[in-house]
Amino acid sequence: MKKIVIDHDALSEKNIEFKKEIDEIIASEVAPKTQDMEDGKINVWDVLEPLGKKGLLGLTYPKEMGGRGGSYFQDMLLVEALCYESLVYDMVRGSSVYPAGLIRAFRREEHLGKYIKPLVTGEKKGCFCFTEPDAGSDLSRMKTTYKKDDDGDFILNGEKRFITNGSVADIMCVYGRNGAFIVESGFKGFEMLEEYKLMGLHGLNLGHLKFTDVKVPKENLLFYSELKPKTEGSQKKRTSAISSMQQFLGPERVAMSLQALAVAKRAIEIVIKYSQERVQFKQPISEFEGISFKVAEMVANYEAGKALYFRAYQKAQNPALAATCKLFIVTATHKICDEALQIMGGIGYTNKYPIERLLRDIRLHRIGGGTDEIMKYIIQKDIYKGFNRQIREDMEEEVEFWF
Ligand SMILES: Cc1cc2nc3c(=O)[nH]c(=O)nc-3n(C[C@H](O)[C@H](O)[C@H](O)COP(=O)(O)OP(=O)(O)OC[C@H]3O[C@@H](n4cnc5c(N)ncnc54)[C@H](O)[C@@H]3O)c2cc1C
């Protein structure tokens, strides 16, 4: 059994069986297709649809919803196994099932339950839309709005860009300044403006979307608050809707960290093998400290990242700890992939080995889900605030602080 991020020695009998099953599925049905996806010969959904039929897209959803009723721990095993192969698989899977997760988080199954099963089985494709042309890191600049019409339904206007699955999605979770709704791509007024070409993550369909007077039925509401005239005028003010959506960013960042760890492990394994086989100056290059010390540093950063991941996973709702986790792990993984390519010399720069792909793919994680700079901003803000709270003399009870 392939040992990746999670300490497999600690697996229960049930999880050993599960891990064996997914390793086999990935070896026979996923890995052989990755290069074809990279080369644009097949679509990522040619790989994911069969997984959906096996209940693996929404593993933690109950069987009646198209999942397997699996545990979050099993989902971690699946994430690492998929990302060891390619980040694209898990990014597309996670984004697609996201609207189903939100329907459940806001207890909207009664009206919106019809969307869950098709998303979880992969029969329909989903996406989530925060980012806009004028609102990337600063979501308080979001211009997309919902307005109630005379029938009690809602009229959506706005533009969203850099949306994973955006150009192929059937069911979208669209955030606006004052709420979030489930929107179908078949609703009148929806337009797909563009599909971006990407530096890495080939196979991921990244879309730029426009919504013009789209009538969204009231049943499709996830959460909504009336825009107050003051908030409408002042683009800077954060609405309660924007605050609601931000609670999902911490868990997303911790999940992205696990994706990155799987990539780091793959890069380290490739380079350990290569550096022992490649002979220059009459010896394997692994015998040069200039090379083996790089590997030692990679391993040290990877192990530190793993420890941080498990701490942040326990407290994924803590935004600053989630930001610390993502910042450390994705920057370390990016460096690991870059150093791995360096160790491989010219062949690393070709596509004979997947290193160049891993390096291109992981680059996104320093931008998507919040940039490195925004992670630093979140960490320092919380650290100063927490320290200042702790040293206030008039404090009656001790305040719990993560750092
Ligand atoms: C492949 C891919 C997939 C994506 N998937 C999705 C998706 O599914 N859904 C979705 O909603 N979005 C998605 N995104 C969007 C992604 O989350 C944004 O690109 C990201 O949040 C950054 O926003 P921006 O690109 O507008 O950059 P900007 O916000 O314009 O930032 C530009 C630069 O300014 C820096 N900067 C900004 N503010 C500060 C500050 N206060 N201090 C210091 N530096 C600062 C940034 O760090 C960055 O270096 C995706 C993006 C990509 C590329």
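This is a predicted model: local features need pLDDT of at least 70, side-chain atom pairs count only at pLDDT 80 or more; totals for chains, interfaces and linings use all residues.

Modeller: Let us begin with a sheet. Four strands make up an open sheet with mixed pairing, in the order β1-β4-β5-β8. At its edges are β1 (126-129) and β8 (221-224), each of which pairs on one side only. On average, and with direction ignored, neighbouring strands in this sheet are turned by 20° against each other.

Biologist: In which sense do β5 and β8 pair, and over how many bridges?

Modeller: Strand β5 (residues 179-184) and β8 pair in the antiparallel sense, over three bridges. Within β8, Leu221 is the residue that stands opposite Phe181.

Biologist: Which strands of the sheet does α5 touch?

Modeller: Helix α5 packs on the sheet and touches β1, β4 (171-176), β5 and β8. The direction of α5 makes about 75° with that of β1.

Biologist: How should I read the packing of one helix on another?

Modeller: In general, two packed helices are described by the angle between their axes and by the distance between those axes. In this structure, helix α3 (residues 44-53) packs with helix α5 (residues 87-105) at an angle of about 65°, and their axes are 11 Å apart. The crossing in which α3 passes α5 is right-handed.

Biologist: Which residues make the contact between α3 and α5?

Modeller: Helix α3 contributes Val44, Val47 and Leu48, while α5 contributes Val88, Tyr89, Val92 and Arg93. Sorted by class, this contact of α3 with α5 has six nonpolar residues, no polar residues and one charged residue.

Biologist: May we return to sheets and read another one?

Modeller: Four strands form an open sheet in the order β2-β3-β7-β6, and here the pairing is antiparallel. The edge strands are β2 (145-148) and β6, each pairing on one side only. Neighbouring strands of this sheet are turned by 10° against each other on average, direction ignored.

Biologist: Over how many bridges do β6 and β7 pair?

Modeller: There are five bridges between β6 and β7, which pair in the antiparallel sense. As an example of facing residues, Glu194 stands opposite His208 in β7.

Biologist: Let us turn to the backbone angle phi. Where is Leu201 found, and is Leu201 buried or exposed?

Modeller: Leu201 is found in the loop between β6 (190-195) and β7 (206-216). Although Leu201 is not a glycine, its phi is positive, at about 50°. For burial, one counts the other C-beta atoms within 10 Å, and a residue with 20 or more is buried. Leu201 has 23 of them, and therefore Leu201 is buried.

Biologist: Finally, how many residues surround the ligand, and which are the closest?

Modeller: The ligand is surrounded by 22 residues, and the closest are Phe130, Gly136, Ser137, Thr371 and Glu373. The elements giving two or more residues to this shell are β1, β3 (154-164) and α13 (372-390).

Biologist: Into which classes do the residues of the shell around the ligand divide?

Modeller: The shell around the ligand divides into twelve nonpolar residues, nine polar residues and one charged residue.

How values were computed: Residues are numbered from 1 along each chain as its sequence is written. Axes are lines fitted to C-alpha atoms, for helices over the stretch in contact, and angles run from 0 to 180 degrees between N-to-C directions. A crossing is left-handed if the near helix is turned anticlockwise from the far one by less than a right angle, and right-handed if clockwise. Two residues are in contact if their C-beta atoms, placed from the backbone, lie within 7 Å. Ala, Val, Leu, Ile, Met, Phe, Trp, Tyr, Cys and Pro count as nonpolar, Asp, Glu, Lys and Arg as charged, and the others, Gly among them, as polar. Two strands pair if DSSP finds at least two bridges between them. A residue is buried if 20 or more other C-beta atoms lie within 10 Å of its own, exposed if 12 or fewer, and partly exposed in between; C-beta atoms are placed from the backbone. A residue is near a molecule or strand if its C-beta atom, placed from the backbone, lies within 6 Å of it.
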